Structure formats: C-alpha cells, structure tokens
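Let's take a walk through this model together, strand by strand and then on to the ligand. Have your viewer open and follow along.

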Amino acid sequence: MNVAVIGTGRVGLVTCVASAALGHDTIGTDVDTDKIELLQRGVPPFFEPGLREALAEQLTAGHLSFTANAADAIARAEVIFICVGTPARADGEADLLAVELAVREIARHAADGALVVEKSTVPAGTVDRVRETLRREGDGRRVHLASNPEFLREGLALRDAMEPDRIVLGVESQEARELLERLYRPLLERGVRLIVTDIRTAELAKHASNAFLATKISFVNALARICELTGADVGAVADVMGADPRIGRAFLDAGMGYGGYCLPKDVAALERLAARLGYRFGLLKEVERVNAEAVEALAERVEDALWNLEGKRIGILGLAFKPDTDDVRSSPAVALARRLLDGGAVVTGYDPKAGAATQILVPELRLADGAYEAATGADCLVLATDWEEFRTLDLAVLGRVMAHRVVVDGRNLFDPSEMDAAGFWYYPTGRPPILQHAQRSDASPSAVGVERPPALAGSPGSEIEWS
Ligand code: UGA
C-alpha cells in the first residue's frame, strides 16, 4: 500500500519504519526541514534503541523515503497517518493546532477514497473537528476517517510497533476497516489481537490507558510514603498485589514518579476533557499531586541524609525520564536536579544519552562523562533513572571515590544487602533505610551494622525487626 505519515517525531518516525517493514511504500513528511534532511541521510533526530539500523534498512530497501513537501506525500497515499505532536497547553488541555494544520493539508491534497488515520493522542471527540475541517476544505472529496492509537513505549518502540499487545481500530465505515486490516495484515496473521471500535471509543481508550498507568504509579508511590512511615517494604507489597492477576505487577514500581511526554500530558488532558464535559475526574488531580510529591519526597530524603543542602556536592545518576531514551521532557530527574540546585547544592549529573538535552534545560548542572566521575567527591549520590549500566557499578570503587558513602535510590535499583555490605548509608524508596553505625574502628564491611531510622525509634510498631 502507499502510506504517508505526517509528523516524524518519536511516534511518527517509528510508524514510518514499521509501515515500511510491513511491506508498504511509505513516505514521511514534517514541517521541520532540518529533521527531514537528517532522515533522508538515515540519521534519527533522537535516540531509540535499534531505530538507526531499522531506518537504514528500510531506506536502503527503497520502502521508505522522506519529503518536506507534505502535498506530495499526501497526494499519492491510500492511508495517511497523522502523527503530529499534541502538547499540553498551560491549562492542561491538548494543543491541537498541529493536528488542524495537518488535516487542512490533507483536505487540499488527499486522493478520493483515501483513509485519514489519527495516531496522535487526541481528546475523544476530536474526530468531529477533523471531519468538519475535511468537509469544509475538501472540495467534496470523499475521505474515510479512523483512529488507530499507538501504545509504543520509548525505549521499546520498535518492538511495540512490530509485536503489539493489541491493534485498536476506531472506524465508522467498512472501507476504513478493510484498509487498516490490509495494512496490518502481516501482524494480524501472526495472531496479534484486533479490537475494532467506533472512533470516539478508540480515542478515549488511549487516554484511559495512559491515565490508568499513571494511576498505578501514583498509587504505589503513595504506598511508598506509608511504607516509609511504617517500615514496610513497598517492593514486597507490590509483589503481593501483583501476584493477583486482576492487579498485575507491571507499573507498580515505586520511585520518583512518572515523566516523559505522554503520561503527564494525557492525565492532564483527560482531566480537562472530563471537566469540559461536566464531569469532575478528581482522581486524576490526585494522581498528579502524588506524582509531584514523589520528587519532593526524594529531595527531602536527600536533605534528611545531608542535613543542609547549601554547598553540598550531589551526584545524580540518570537524567532521562526513563532508561533507554534521551528524552528529558517532564523528567523527574531533571525536576530533582533543579530542586537541589535551588537548595544551594552543587550538582553533577550523568546520563548515558540525555546529558546534552538536560544541559539546555538546566545550564547550572555540571555534566560528568561517567557514573564514577559524577560520584567523585560527592557527599551524596542519587540514583534517578534506572539505566541498566548503573545496576552493575562496582560499589567498592563508588565508595572510594565519594566523599561520603551516602546513596539515595529514587528507583530502588540497588540491592540493600549489597549496599549494606559495601558500607553505604542507603536510602531506598518506600523501604527502610540502612544507616551505618556512625563510626567504625574496623573498616571491614562485616563490622558494619544497621540501626533503626531515627524517625521510627520508640514509635508504635516498635515490634518491627530491622535487618
Ligand atoms: C507511555 C505508555 O506506557 C505507552 O503505552 C504509550 O504509547 C506512550 O506513553 C504514549 O502515549 O506515546 P512512555 O511515555 O514511553 O510510554 O513511558 P512509560 O514506559 O509508560 O513510563 C512512564 C514513566 O513512568 C517513566 O518515567 C517511568 O520511569 C515511570 N514508571 C513506570 C514508574 O515510575 N514506575 C513504574 O512501575 C513504571
């Protein structure tokens, strides 16, 4: 099939590569001409594992091309995907200007009988606006409409595109359904689950999925606060909950909260959409409040460990909003860096991919070239993004280069018993901290003991055994 993809951001570019890999002749277009030039040379404008190689493969095979001329891409396409950004406005509503501009281009240039597919995450009901615009500006041409939300995760986007959990088609005509089933035939033949709905349902299902994922994360982060107050272990609580298939263990990892481009924006957009329609979705407001609290709780743990922040040297491991991406949009790690700098600390950060992007947002942040460099001379080290390479750090080396062996773990990446054995004062999230006896005459790890956190001494529940 001939496919056009409007917008070559993180969703659009992966959609281009996946469509080409499914055997379709695909053209990507974007208003950003610099981006198009890069893509024509096979250079992705952002980091996504495997994307550079997959892009090169499809360009070489001749299945994929890029043009800055949207009219050309649209005119020849049987299926036109809209993958432009829908950022949050200051009031939380989705900004749909880029969608409107794309639809107007489509209205002017689409072939009769073409299928227009919304892949950008848009508030339920947007299709009515799309339909109106196509009618008003489309010279009576007949164009089909569909919503086909994506569920790609950054860092796993190619895998999610080629091996999705489900394909959701929001359609209002048999022609639209048939065109999309033809497009996805290789995946459907492999047994990928197909869910066909009306367009509004598909639009809402995307927002609902992201908002529910965010709700799980905020739920477990609120539990983490309670665990810190009672001495329970949030990871074990999540394991118990997750063993129930009705709940599931995924997205119950307590930490610094959710970030990125999608979850924060979609929670806000769904809450605003509901309010506009006359329903008060207060649960989502609370999800946002708990999420903001997660970064603050971590900053307070750092203060608790260091007493005063002024002049203290703090290293931050990980700046991206999650591992395997260079994306720092709404990154909890970046919010933390700002908070610590505002408190007067001297902060050095390291991220395998996101250093340069963070520096633009937080110029006062010092950047290190590696984890050990970020830790060197630090009074405290914060683990903020759970990149795999941090899991295998040599704790003995880490301890040697730091001014003080204090680690605050915002993602519960480290093993508490290993941190204990290596002599660290270790502050995980939603788990009892390990506080080394203040002074040791013998520096061997076996001489290291633990004591109860001061906040809990003599409190109810003193029957809890700390180990
Ligand atoms: C999210 C959804 O997971 C995708 O299904 C969706 O397609 C995508 O948004 C989108 O709308 O385009 P993504 O933004 O890549 O994907 O990030 P997630 O993997 O959902 O992680 C979001 C945040 O939650 C990260 O900051 C992560 O560290 C955090 N998180 C995740 C937790 O704090 N705890 C968890 O248990 C899981």
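Strand S1 (residues 2-6) and strand S4 (residues 79-82) run parallel and are joined by four bridges. One of the residue pairs to look for is Ile 6 with its bridge partner Ile 82 in S4. Before going further, please note that this is a predicted model, where local features need pLDDT of at least 70 and side-chain atom pairs count only at pLDDT 80 or more, while totals for chains, interfaces and linings use all residues. Residues are numbered from 1 along each chain as its sequence is written, and side-chain values use heavy atoms, with hydrogens and water left out.

S1 and S4 belong to an open sheet of eight strands with mixed pairing, ordered S3-S2-S1-S4-S5-S6-S7-S8; two strands pair if DSSP finds at least two bridges between them. At the edges you will find strand S3 (64-67) and strand S8 (193-197), each pairing on one side only. On average, neighbouring strands of this sheet are turned by 25 degrees against each other, direction ignored. Helix H5 (residues 97-109) lies across S1, S4 and strand S5 (115-118), at about 165 degrees to S4. Such angles run from 0 to 180 degrees between N-to-C directions, with axes fitted to C-alpha atoms, for helices over the stretch in contact, and contact means heavy atoms within 4.5 Å.

Now for another sheet. Six strands form an open sheet with parallel pairing, in the order S11-S10-S9-S12-S13-S14. Strand S11 (366-367) and strand S14 (425-427) each have a single partner strand, so one side of each is left without a neighbour in the sheet. S14 pairs with strand S13 (residues 406-409) over three parallel bridges, and Val 407 has Tyr 426 in S14 as its bridge partner. Helix H14 (residues 332-342) lies across S9, strand S10 (346-350) and S12, at about 175 degrees to S9.

Finally, the ligand: 20 residues surround it, the closest being Leu 152, Glu 154, Lys 206, Asn 210 and Lys 322, where near means a heavy atom within 4 Å. A ligand oxygen atom lies 2.7 Å from a polar backbone atom of Leu 152. A polar side-chain atom of Arg 411 is 3.2 Å from an oxygen atom of the ligand. Helix H10 (residues 199-230) gives the largest share of the shell, four residues.

Methods: Polar contact = N/O pair within 3.5 Å; in protein donor to acceptor, adjacent residues only side chain to side chain. Helix = DSSP H or I, 4+ residues; strand = E, 2+ residues; numbered from the N terminus.
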